[in-house]
Amino acid sequence: MEKFEKGMLKKLANDVMFDLNDQEISELQEELEIYVRQMDLLNRIDTENVEEMVYPFETPTTFIRDDEHEYALNAADALANAPRVAANHIVVPKVVK
Amino acid sequence: MKLNDLGKNVEANVECVLSKAHASQDKLNAVVTFVDCEKQIEEVKKLDQNLPLYGVPVAVKDNISTKGIRTTASSRILDNYVPVFDAHVIAKLKAAGAVVAVKTSMDELGMGGTNLNAYTGKVNNPYDFERISGGSSGGSAALTAAGVVALALGTDTGDSIRKPAAYCGVVGFKPTYGRISRYGVIPYASSLDHVGCFTSCVKDAAVALEVLAGRDDRDMTSSYEPVGHYAEALNSDLKGKRIAVLANVMDSIKDEAILKNFDALCEKLKARGAIVEKVKMNDELLETLLPVYLIIANAEACANHSNLDGVRFGMREEGADLEEIMINSRTKGFSSAVRKRFVLGSWSLFVENQEKLFRKAQKVRRVIVDAYADVLKDYDAVLASAASTTAPKPDESNDEKMSDTYLVAENHMVLGNLSGYPSITVPCGFAEGLPIGVNLTAKAFDEQNLLNIAKAIEEETGLEGKTVEVNA
């Protein structure tokens, strides 16, 4: 069975921009044992020549809209939930150092 | 409470619902935000009193965007988030004369089946406060069961409307994928997410569907199928209706009271002229329901929630640079249960895992749905118990630990999400004072047939409008 080392799980978490503490990693290692056993159940199903099912229905519901302005957030609304705002911009620490 | 129990005095209705909601809060902990309804009431008064939901106060799950009303998805990271627009379903509710009265608790971002993982804490089952409501739409289910509201909105990615409906003894309805637009709903897993409702009777679910359904260009999976007059066309005649009992589910349930209740229902349906037959699907295939769901849902969730970073909206934690702000905000903003699910999602999207996990799960999904369609080809609906037990106590609930028990009986309702077929849970009785629910699923866009059979079940159980007093 695949081994889930602490460093690997920490890296997986950091890759999606958060951290896990030691207790969470240990819980996750336990849960992964069951998870991997459940994933193995998929291998009993023959999927030779089966197409992936991405959405339930394949009836086209997309369309190309007319190139007309419909709705856009105004600046006040767009910034209404921003934690820090100055001069109509969202404030973050300096990115280019 | 049924929709018909409410009069046309919108102020009185709102006052009644808010006062009941406040009074029940200590017992149920179902509400995240009580809404100041003054402006909505003024808007409703300008509308035609014949609108289908005129003056009806509604409870709305807290992952549905409500303009000017805090929408947290029961996550700390969105604790201060106030949407600047209404979700499509909220606009539909308002146009039909309804008022958003409360926002309800849920498992954080929809990720859970217990409602134990909500930032505001456990939601209590109205029939026994020690027990869980089920989730993820637990707050909406509990308030409907307690007779606080006649209509509550929920969302359903695995069985998040239909399982809490069973535990709380109410009708929980998830129509066909694409039947109701998800525009403005904070997503969990886009290929599985549905919007639906809780009511105390089947007719009210039909009324709600007619209001909420219809094409919306802002949700590209929204269907062009015409919307029916579901309530007006309700017909509980079962003569000649073919109902398949999913034997795999019923054979794996050990609770005698649930089995006895189910068998009695089948006899009653037969007596009404229905043809009720056991069907069996491939066991190995049904045992993959949970892992297929988990792989797809966790991967889609991990991608969907990458925008929750505390930078443009939500709770921001300080950091020396942008990356540190994001990591600190997401670490503190998400519970450990959610972060662990994101890690699993990220793992299955690794380049080396994509073929053997993510794409494999998508392929098995097609095999499952083809087999399910094959069953439904010969029947009007598939029937099974909605859960393998009545509502458990928190320490009896194994949902968060991904238990390998009850792979089929506890997770079969995922079939409705993988396939997108319409599915409804209907109350069917009680065991030791706790509700039992049955689940019905029909072919895509065959909501009328589904509601008709559900109505017949309701007539047999006599549980139309059944609620429980929590403030006695």
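Reader: Leaving aside neighbours within four places in sequence, which residues is Ile325(B) in contact with?

Author: Before the answer, note that this is a predicted model, in which local features need pLDDT of at least 70 and side-chain atom pairs count only at pLDDT 80 or more, while totals for chains, interfaces and linings use all residues. Residues are numbered from 1 along each chain as its sequence is written, chains are lettered from A and ligands numbered from 1 in the order in which they are written, and side-chain values use heavy atoms, with hydrogens and water left out. Contact means heavy atoms within 4.5 Å, and on that basis Ile325(B) is in contact with Pro93(A), Asp309(B), Val311(B), Arg316(B), Glu317(B), Glu318(B) and Gly319(B). By comparison, the C-alpha atoms of Ile325(B) and Tyr372(B) are 47 residues apart along the chain and separated by 46 Å.

Reader: Is Ile325(B) buried or exposed, and in which helix is its place?

Author: A residue is called buried under 20% relative accessible area, exposed over 50%, and partly exposed in between, using a 1.4 Å probe and protein chains only. With a relative accessible area of 1%, Ile325(B) is therefore buried, and its place is in helix H11 of chain B. Helices (H or I, at least four residues) and strands (E, at least two) are DSSP runs, numbered from the N terminus.

Reader: What span should H11(B) have, and how far apart are its end C-alpha atoms?

Author: The expected span of a helix is 1.5 Å times one less than its number of residues. For the 12 residues of H11(B), residues 322-333, this gives 16 Å, which agrees with end C-alpha atoms that are 16 Å apart.

Reader: How many of the 11 residues of helix H6 of chain B are buried, and what covers them?

Author: Nine of the 11 residues of H6(B), residues 202-212, are buried, so this helix is largely enclosed by the rest of the structure. Among them are Val202(B), Asp204(B), Leu209(B) and Leu212(B). The cover includes helix H3 (88-95), strand E6 (151-156), strand E7 (171-174), strand E8 (194-199) and helix H15 (447-461) of chain B. Just after H6(B), Gly214(B) takes a positive phi of about 130°.

Reader: Which residues with a positive phi are not glycines?

Author: Ala87(A) has a positive phi of about 50°, and Ser74(B) has one of about 55°. Ala87(A) lies in the loop between strand E1 (85-86) and strand E2 (89-90) of chain A and is exposed, with a relative accessible area of 70%. Ser74(B), in the loop between E2 and H3 of chain B, is buried, with a relative accessible area of 2%.

Reader: How should I read the salt bridges, and how many are there over all chains?

Author: Side chains of opposite charge can pair when their charged atoms come close. The rule asks for a side-chain nitrogen of Lys or Arg within 4 Å of a carboxyl oxygen of Asp or Glu, and the count comes to 40 salt bridges over all chains. In one of these, the side chains of Asp62(B) and Lys103(B) meet at 3.1 Å, N to O. Asp62(B) lies in the loop between strand E2 (57-61) and H3 of chain B and Lys103(B) in strand E3 (residues 99-104) of chain B, so the pair ties together parts that are 41 residues apart in sequence. Both Asp62(B) and Lys103(B) are buried.

Reader: What is the closest distance between N and O atoms for Arg162(B) and Asp156(B), and which residues are joined into one network?

Author: Arg162(B) forms a salt bridge with Asp156(B), the closest N and O atoms being 2.8 Å apart. Arg162(B) counts as buried at 0% relative accessibility, and Asp156(B) is likewise buried, with a relative accessible area of 0%. Salt bridges that share partners join Glu52(A), Glu355(B), Arg359(B) and Lys363(B) into one network.

Reader: In what sense do strands E4 and E5 of chain B pair?

Author: Two strands pair if DSSP finds at least two bridges between them. E4(B), residues 124-125, and E5(B), residues 128-132, pair in the antiparallel sense over two bridges, forming a hairpin with two residues between them. The bridge partner of Asn124(B) in E5(B) is Ile132(B).
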